[in-house]
2 protein chains.
Amino acid sequence: MTETESIAYDVVVLGAGPVGENIADRTRAAGLTTAIVENELVGGECSYWACMPSKALLRPVIAQADARRLPGLSQSVQGPLDTPAVLARRDTYTSHWQDDGQVAWLNGITADLYRGHGRLAGPRTVTVTAPDGTVTTLTARHAVAVSTGTRAQLPDLPGLSGVKPWTSREATSAKAAPGRLIVVGGGVVATEMATAWQALGSRVTLLVRGKGLLNRMEPFAGELIAEALAQAGVDIRTGTSVDSVSRENGTVVAVTGTGDRVEADEILFATGRVPHTDDIGLDTVGLEPGSWLETDDTLRVTGTDWLYAVGDVNHRALLTHQGKYQARIAGAAIAARAAGDPLLDEPWGAHVATADHDAVPQVVFTDPEAAAVGLSLAEAEQAGHRVRAVDVAFSTVAGAGLYGDGYTGRARMVVDLEEEILRGATFVGPGVGELVHSATVAITGRVPVDRLWHAVPSYPTLSEVWLRLLEAYRDN
Amino acid sequence: MTETESIAYDVVVLGAGPVGENIADRTRAAGLTTAIVENELVGGECSYWACMPSKALLRPVIAQADARRLPGLSQSVQGPLDTPAVLARRDTYTSHWQDDGQVAWLNGITADLYRGHGRLAGPRTVTVTAPDGTVTTLTARHAVAVSTGTRAQLPDLPGLSGVKPWTSREATSAKAAPGRLIVVGGGVVATEMATAWQALGSRVTLLVRGKGLLNRMEPFAGELIAEALAQAGVDIRTGTSVDSVSRENGTVVAVTGTGDRVEADEILFATGRVPHTDDIGLDTVGLEPGSWLETDDTLRVTGTDWLYAVGDVNHRALLTHQGKYQARIAGAAIAARAAGDPLLDEPWGAHVATADHDAVPQVVFTDPEAAAVGLSLAEAEQAGHRVRAVDVAFSTVAGAGLYGDGYTGRARMVVDLEEEILRGATFVGPGVGELVHSATVAITGRVPVDRLWHAVPSYPTLSEVWLRLLEAYRDN
């Protein structure tokens, strides 16, 4: 290890995933010199082992399910998907795990890319250890932004290392469908990957420790998706913990808390995420290695005036789009502070990530889809808002039946009774993924319920569920 | 014809389509006795010969097109749709042209249905001539609402009656696909029916008098749909008028303005609508039979204090959903006036149809779909707003490619530069139909552009086009 040089920048960004890229985009746009450090592929988890490949795997599954609900078209799509073709398409959307395009984009915005392992080395200082061992020291006049994201959390289980378990990375990049797949978990990754691989040819067993799926959403989301997964052939076992795993003659054996043995060819642990902060030199600035980094709404780490934590690492909302949002905000806040401009930090100002508290959207790309934004009823009540939940079934919406025979879905809006605005909305059903943004605009814009009556949904779309929700609120 | 009785109601509604039904729903909810008169099927044009059957015909076409863009699924859907199965499904969604369900609904809200031809017979008076010739006179203490809708407008062409042309009614209710179909027109009905019947087995020739399709939308909508229709095999001839038609040995022959002969098995005229007001007794109250009825924003006819015109007949917006919106407003306004309650008639108040001016949404169910709300750039400029149009291609949105390979689409938002709010938005591309409601909420809620930055679209959905639009507005 040789120290070769030390270079000064205005801003140093640790991690070149979508979040880091967006910070750099904003700081460069403000004329701040910017270095960005990446140890793996530029583009990050999302581009290669998360959003992109998972959605590429899921989209044909969803389109096939849609087609199967339409007499006149359904007959032709009864057979299985062509799995190699789906996987080949997935490979295209991950750019075959090559980051040339993203590097070119960084070059385009004239951010300097440093490949290697970045670590803080005291305030405003980052060292980069390149693959060849060369160490470069970068100093940041204005800010260091940590956007190193998360990795899968594996449980501390007897036998785990011997089974070579899948995480989200292997589940999204696998080259073939395992004959049998155990999925451990009940969250978004677990339900999406169970959906994908069951449709792509695996027999999936879903082992869920809790009572149901997607327990951060309204309860009916997990219920409807569990019903659909079971109908698709997934063996769902709720209230089931995994006590040990082993691989016997190539076969994975998971022993459950009740002593059942479940066999499979692969096992995916979708059991949460840990921050990529254990080896980035946090100790050199008085922070705890491996911890989530707490920030204020400008995304600046508590107790510092130069360190930002943006995206998953701050644990505000572990979602690519929300991290990108934070990146735009943080980049603008860094630029404003660097220029000595006034900080726009009143709620919904340009330099605070207010939406992180009030309006985080999420779409689960299963069949049916689940899409939610803002607070669930339970969350709103816990936050002390006086609210009422209004529920409707999509069977009352003409556009739902037209979308597909036997359409099953539900929607809920959570209305704040003091302010007569929306606190949250949840939609579950085929094709609802694009519907949630209307609720995001309503919540973000604090559009009163009275005004929402004038927002006419087109007939006959799924969006007419809005009318049913407003009617239910008015009449009950 | 014998006069049998005269019955007094609070409200009499002429026409039991979706608009009339919604007026009655609101006046009954306010406790006003309500009669509703219908000469054909309760449920109206939309339920039997417009929205419902057209969307039932189009949905499998769109789902097939979606599937064809997805390797792994596309191979199975190369063949034609099973047209009889599609038509049978359409028949289900029109309830086989029986209105029992809708009559039961009217009974449920305890509105009194009078079957027969309703005509005004002086102020606050309506006569109903039943099929058996019985005449009933209804009087309205508070209001008569005309919601008789429109019918297809046929041009005054030599030979027309001899060819038994299709209108939207025959096009949506046909029992089989004609081998060859001429569609005359370039609006929504023309493009939707060309899309449907071309996919269901007809060879379609589209004769468009003007330069392009959908000329009430942003120009790129018609352009993209014309490209797609041509690719689907439709023979589009723009700048082409029809000078005469005839049927020779069963074959329809249309002679164009340039003397070309176009042959087909059927010809559809989708050349506009005229109001159903020619034989409803308008002359008895000093109005012009056959005219569109001008109203104020409470939907009350100019110069009267008792007559309302709601839905297509007032020519404010010829769309089912907008008519239903007007019906809710008119019903509430009638109820408020009847009760002597204050009228909430400031803009966006509960008794004025403000959205008719600012935020009328429309979805064209073609492939690609076209969806727009508010003002186009041309309309906004004509209205004297200082605006800027911001355009982006969907190719810049990750969710678009994932939705389907080769995804082609565009979006535009029209920003009011004085108020920094949206005046209009247009989305063209597969699957955008549910996207437009987010723009409807933004326009209706007058959500400032600064705030829209906090409305985060989920990655990777089509809704992320919002982010691209905001970036384009910021950077250009």
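**Close-ups of a predicted two-chain model**

**View 1. Polar pairs where chain B meets chain A.** Look across the interface of chain B and chain A and you get 30 residue pairs in polar contact, both partners at pLDDT 80 or more. Bear in mind that this is a predicted model. On the side of chain B that touches chain A, helix α3 (residues 51-68) of chain B gives the most, with 9 residues. Sorted by class, that side of chain B has 39 nonpolar, 23 polar and 17 charged residues.

**View 2. The whole contact between the chains.** Chain B puts 79 residues into the contact, and chain A puts in 78 residues. Together they bury about 6400 Å², with carbon and sulfur atoms giving 62% of that area.

**View 3. A salt bridge from R89(B) to D405(A).** Here the two side chains meet at 2.7 Å, N to O. The interface of chain B and chain A has 4 salt bridges by the rule, and the R89(B) to D405(A) link is one of them.

**View 4. Y9(A) and Y114(A), ring against ring.** Over all chains, the count of aromatic pairs comes to 12. This one is edge-to-face, at 6.0 Å centre to centre and with 85° between the planes. Y9(A) sits in strand β1 (residues 3-14) of chain A and Y114(A) in strand β3 (residues 112-115) of chain A, so the pair ties together parts 105 residues apart in sequence.

Definitions and conventions
Residues numbered from 1 in each chain as written. Chains lettered and ligands numbered in written order. Predicted model: local features only at pLDDT ≥ 70, side-chain atom pairs only at ≥ 80, totals over all residues. Heavy atoms only, no water. Contact = heavy atoms within 4.5 Å. Buried area = accessible area lost by both parts, 1.4 Å probe. Polar contact = N/O pair within 3.5 Å; in protein donor to acceptor, adjacent residues only side chain to side chain. Helix = DSSP H or I, 4+ residues; strand = E, 2+ residues; numbered from the N terminus. Nonpolar A, V, L, I, M, F, W, Y, C, P; charged D, E, K, R; others polar. Phe/Tyr/Trp six-rings, centres within 6.5 Å; stacked < 30°, edge-to-face > 60°.
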